[in-house]
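Good morning, and thank you for joining. Please look at the structure as I bring it up, and I shall then go through it.

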Amino acid sequence: GEAALFDIRLCLEEALINAMKYGNRLLKDLNVDLEVEATADELRLTVQDQGSGFDVKKLEDCTEEKNLFRNRGRGVYLIHQLMDEVRYNEKGNQLVMVKSLKNAGGNHGR
């Protein structure tokens, strides 16, 4: 449905911006790879940058009061809220996002 498409577009945009900005440090000669796999049931997006990665566990929770007005980490939080599955590789330079399309017509639990 429309809501699922909106979520996917938003998350993909956030992931690509993060990869370019934080991963590749806006260096023009570094690539961001995007892989899209779609079935009738789900959409799987893999975004990988050429950066040195980061420790996902150290990413601060942007919903904590002290972080509310910081922009960093908000995109990652959003992705975790809107996608059904979110995984990083060990290095932290590859993000896999999965959106289930089975209940895409509904309000997906909100």
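Which residues does R44 touch, not counting residues up to four places away in sequence? They are E35, V36, E37, E85, R87, V96, M97 and V98, where contact means heavy atoms within 4.5 Å.

Before I continue, a note on the source: this is a predicted model, in which local features need pLDDT of at least 70 and side-chain atom pairs count only at pLDDT 80 or more, whereas totals for chains, interfaces and linings use all residues. Residues are numbered from 1 along each chain as its sequence is written, and side-chain values use heavy atoms, with hydrogens and water left out.

R44 itself is placed in strand β2. Its side chain makes a polar contact with the side chain of E42, at 3.0 Å. By polar contact I mean a pair of N or O atoms within 3.5 Å; within protein, one must be able to donate a hydrogen and the other to accept it, and residues adjacent in sequence count only if both atoms are side-chain atoms.

Now to the overall layout. The protein chain has two helices and four strands, in the order α-β-β-α-β-β along the sequence. These are DSSP runs numbered from the N terminus, helices being H or I of at least four residues and strands being E of at least two. Of the contacts with a separation of 6 or more, 56% join residues 24 or more positions apart.

Of the 110 residues, 31% count as buried, that is, under 20% relative accessible area, with exposed meaning over 50% and partly exposed in between (1.4 Å probe, protein chains only).

Leaving aside neighbours within four places in sequence, L45 is in contact with I8, L12, E35, V36, M83, L95, V96 and M97.

Finally, the loop between α1 and β1 (32-38) holds R25. Although not a glycine, R25 has a positive phi of about 50°, and R25 is exposed at 59% relative accessible area. L26 lies in the loop between α1 and β1 as well; also not a glycine, L26 has a positive phi of about 60° and is exposed at 62%.
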